[in-house]
Structure formats: structure tokens, C-alpha cells
Amino acid sequence: MTAPLTASLTPDQLEDRLRQIGAERYHNKHPFHRKLHDGLLNKEQVQAWALNRYYYQASIPAKDATLLARLPTTELRREWRRRIEDHDGTEPGTGGVARWLVLTDGLGLDRHYVESLKGLLPATRFSVEAYIHFVRDRSILEAIASSLTELFSPTIISERVSGMLQHYDFISHDTLAYFTPRLTQAPRDSDFALAYVREHAKTIEQQEAVLAALEFKCSVLWTMLDALDHAYINGNIPPGAFIP
């Protein structure tokens with residue numbers, strides 16, 4: 001955990017601390033991500049990653065809806081509603097969740113099986129649901145701060161796309177269609193969230209809370225990769241989980 005603050009930070013100092021958390025804790029440093037990027041996984045291991053990550057992607061609009069219901073102004077609700085539309089789309093077959101299913105389809109996974117969630121690792125389910133509960137139960141400021149992993153997502157997306165296209169002959173630009181819109185959506189969303197946090201996190205207690213919120217979110221993403229590594233690299237697949 002970040003050391004307790006002894007004095008309140010300026011907005012610039014707070015932003016620096018948030019960015020430091022990302023530099024140290026974001027999951028682009030995780031060994032499983034490095035293997036994925038460097039072409040060291042087989043197709044079945046990539047399938048396991050995409051299958052488990054689907055639950056996270058599909059849960060993002062549900063997470064955002066729990067926050068949307070608590071936002072006090074039209075302006076905030078309008079801003080956050082856009083995130084739900086980005087993931088759920090505005091009609092069938094559109095949006096980030098639908099594009100993630102294009103990826104799992106392209107990897108040869110049965111769509112009904114993916115959507116059923118029957119093959120999830122237990123740690124995936126627990127991690128994603130912990131994130132939903134965090135956003136539902138914590139302050140609006142903490143909930144918004146937890147989304148700030150998007151500050152760092154363009155880096156991991158660029159690595160992921162270039163690495164997978166380079167190393168895997170079963171991956172194409174079409175199957176990675178999910179990621180292209182995120183290169184513009186994530187910076188837009190993180191710019192708004194960062195501005196909100198900079199404006200509203202004034203006291204030591206508020207600033208410690210937003211720092212802890214970002215640490216928590218980084219831990220959610222890291223734990224999901226820990227579980228994939230343990231199950232599909234080290235061979236400890238739990239009962240009921242996807243078996244390649």
C-alpha cells in the first residue's frame with residue numbers, strides 16, 4: 001500500500017502519485033502478459049486468456065451502470081452513459097462486448113460457451129465481482145478513481161496488438177477489432193476521470209482514498225493474470241474451468 005500522506009497534495013502532485021502507481025502496478029508488467037505479447041503462449045493458452053477476459057469486458061457496462069445510478073448531475077450521468085454505450089453498443093452486434101466475442105470466435109471458442117461463463121477460473125469471477133462491488137459500494141470519488149487504469153491502457157493495447165499480430169498466425173486484425181476504438185475511447189474517458197479526481201480529491205483522506213482505489217483496480221487486473229498463469233502455464237486448472 002502507498003505510504004500514508006502527511007500533507008495534502010496539489011493536483012499535480014496527486015496526478016504524479018497516480019501515474020507512479022500505474023508505472024509500478026499496471027498489469028503490462030505481469031509475466032503472463034509478457035508471454036502473451038512475446039508469442040510464448042500456445043493457442044489454447046490464448047483461448048483461456050480471451051475466455052476469462054470476456055467476463056471482465058462484459059461486466060464493465062454493469063459496473064458503470066451501478067455508478068451511473070448514483071451520479072448526482074445530468075452532466076456526470078451523460079458522460080458516464082457514454083461508457084456503457086461504448087461497451088454495450090447502441091444496437092445488436094455493436095460495442096466492445098460484441099467485438100470481444102469476435103475475438104473469441106476467431107480463436108475457435110464456441111460463443112454460447114463463452115457467454116455462459118461456465119469455463120471461468122474462480123479467481124476471475126471473484127476479481128471481477130469484487131470490482132463491481134467496489135464501484136457500487138464506495139464513494140463516487142473512489143469509484144471514478146478506480147477507472148484510472150485507463151490512463152495506462154493505450155500502452156498495453158499497443159503492445160498486445162503488435163505482439164499478437166507478429167507472433168500468432170491464428171490472430172488477425174479482424175479478430176483484434178476490439179482494441180482499435182479503445183485507443184481513442186480510453187484516453188477520452190481517463191482524461192475526464194482524472195480531471196474529476198484532481199478537482200474533488202482535496203483532503204488527505206480523499207487523496208489517500210483515490211490512491212488506494214487505483215491500487216485496488218491494478219490488483220484486480222493483476223490477480224486475473226495470476227490465476228491464468230497458475231492454471232494454464234503451471235498446469236493447475238481448477239475443477240469446472242476451461243480445459244483446452
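Guide: Let us begin with a term: a polar contact is a pair of N or O atoms within 3.5 Å, where one must be able to donate a hydrogen and the other to accept it. Please keep in mind that this is a predicted model.

Visitor: What makes the pairing of the side chains of Lys217 and Thr149 a polar contact?

Guide: The two side chains are joined at 2.8 Å, and the cut-off is 3.5 Å, so the pair is counted as a polar contact. The side chain of Lys217 also has a polar contact of 3.2 Å with the side chain of Tyr56.

Visitor: Why is Lys217 said to have no salt bridge?

Guide: A salt bridge needs a side-chain nitrogen of Lys or Arg within 4 Å of a carboxyl oxygen of Asp or Glu. For Lys217, which is buried, the nearest side chain of opposite charge is that of Glu150, 6.7 Å away, and therefore no salt bridge is assigned.

Visitor: Where does Lys217 lie, and which residues is Lys217 in contact with beyond its neighbours within four places in sequence?

Guide: Lys217 belongs to helix α11, which runs over residues 204–233, and, with those neighbours left aside, its contacts are Tyr56, Tyr131, Ser146 and Thr149.

Visitor: Which residues have the most contacts inside the largest nonpolar core?

Guide: They are Val46, Trp49, Leu148 and Val197, in a core of 76 residues. Helix α11 gives the most to this core, with 13 residues. Leu148, leaving out residues up to four places away in sequence, touches several residues, including Val197 and Leu214.

Notes: Residues are numbered from 1 along each chain as its sequence is written. This is a predicted model: local features need pLDDT of at least 70, side-chain atom pairs count only at pLDDT 80 or more; totals for chains, interfaces and linings use all residues. Side-chain values use heavy atoms; hydrogens and water are left out. Helices (H or I, at least four residues) and strands (E, at least two) are DSSP runs, numbered from the N terminus. Buried means under 20% relative accessible area, exposed over 50%, partly exposed in between (1.4 Å probe, protein chains only). Lys and Arg count as positive and Asp and Glu as negative; His and the chain ends are not counted. Contact means heavy atoms within 4.5 Å. A nonpolar core is a set of buried Ala, Val, Leu, Ile, Met, Phe, Trp, Tyr and Cys residues joined through side-chain atoms within 4.5 Å.
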